[in-house]
Amino acid sequence: QVQLVESGGGLVQAGGSLRLSCAASGSIFSINDMGWYRQAPGKRRELVASITSGGTPNYADSVNGRFTISIDNAQNTVYLQMNTLKPDDTAVYYCNSHLTISRYKYLYWGQGTHVTVSS
């Protein structure tokens, strides 16, 4: 069984920074990519950033230039450094990953971590 466990959420003032982490653990697998999504109250879940195992990032326009995604393949961990946070960044942040296990590709999600940005 594979698990994705997020950490690093919390309360921060506008203009501040937070760093989220998401570690994948469990059965032997290979990571194809990892990413971060967020869902604000009353809104749909949206992509924040994703990164391939080779390190190629992709960002939503709303966070480009403020957030940085990185991956540590040895630790099966993805990070999201969030700078210059805005109240609109308030949401539950979810980690996901496409993994290959025994030739089959699966999508896993974490449980989410809350990020609250006060004005």
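**Figure 1. Y106 and Y108 pair as tilted rings in this predicted model.** Y106 is partly exposed, because its relative accessibility is 37%. The ring centres of Y106 and Y108 are 6.5 Å apart, and their planes meet at 45 degrees, so the pair is classed as tilted. The structure holds 2 aromatic pairs.

**Figure 2. Y37 and W109 form an edge-to-face pair.** The ring centres of Y37 and W109 are separated by 5.1 Å, with 65 degrees between the planes. Y37 belongs to strand β4 and W109 to strand β10 (residues 104–109), so the pair ties together parts 72 residues apart in sequence. Y37 is partly exposed, at 24% relative accessible area. W109 is also partly exposed, with a relative accessibility of 33%.

**Figure 3. Two arginines sit over aromatic rings.** R45 places its charged end over the ring of W109, 4.8 Å from the ring centre. R19 lies over the face of Y79. Here the distance to the ring centre is 4.1 Å.

**Figure 4. C22 and C95 are joined by a disulfide.** The structure holds 1 disulfide. Its S to S distance is 2.1 Å. The link of C22 and C95 is left-handed, with -75 degrees about the S-S bond. It connects distant parts of the chain: C22 lies in strand β3 (residues 18–25) and C95 in strand β9 (residues 91–101), 73 residues apart. C22 counts as buried because its relative accessibility is 0%. C95 is buried too, at 0% relative accessibility.

**Figure 5. The largest nonpolar core holds 31 residues.** M34, W36, L80, M82 and Y93 touch the most other members of this core. Elements giving two or more residues to the core include β4 (30–39), β5 (46–52), β7 (67–72) and β8 (77–82). Strand β9 supplies the largest share, 5 residues.

**Figure 6. L80 contacts residues from several stretches of the chain.** Neighbours within four places in sequence are left aside here.

**Figure 7. V92 is a buried residue of strand β9.** V92 counts as buried because its relative accessibility is 15%, and buried means under 20%. The C-alpha atoms of V92 and G112 are separated by 5.9 Å, and the two residues are 20 apart along the chain.

Methods
Residues are numbered from 1 along each chain as its sequence is written. This is a predicted model: local features need pLDDT of at least 70, side-chain atom pairs count only at pLDDT 80 or more; totals for chains, interfaces and linings use all residues. Side-chain values use heavy atoms; hydrogens and water are left out. A disulfide is a pair of cysteine sulfur atoms within 2.5 Å. Helices (H or I, at least four residues) and strands (E, at least two) are DSSP runs, numbered from the N terminus. Buried means under 20% relative accessible area, exposed over 50%, partly exposed in between (1.4 Å probe, protein chains only). A nonpolar core is a set of buried Ala, Val, Leu, Ile, Met, Phe, Trp, Tyr and Cys residues joined through side-chain atoms within 4.5 Å. Contact means heavy atoms within 4.5 Å. Rings of Phe, Tyr and Trp (its six-membered ring) pair if their centres lie within 6.5 Å; planes under 30 degrees apart count as stacked, over 60 as edge-to-face and the rest as tilted. A charge sits over a ring if NZ of Lys or CZ of Arg is within 6 Å of the ring centre and within 35 degrees of the ring normal.
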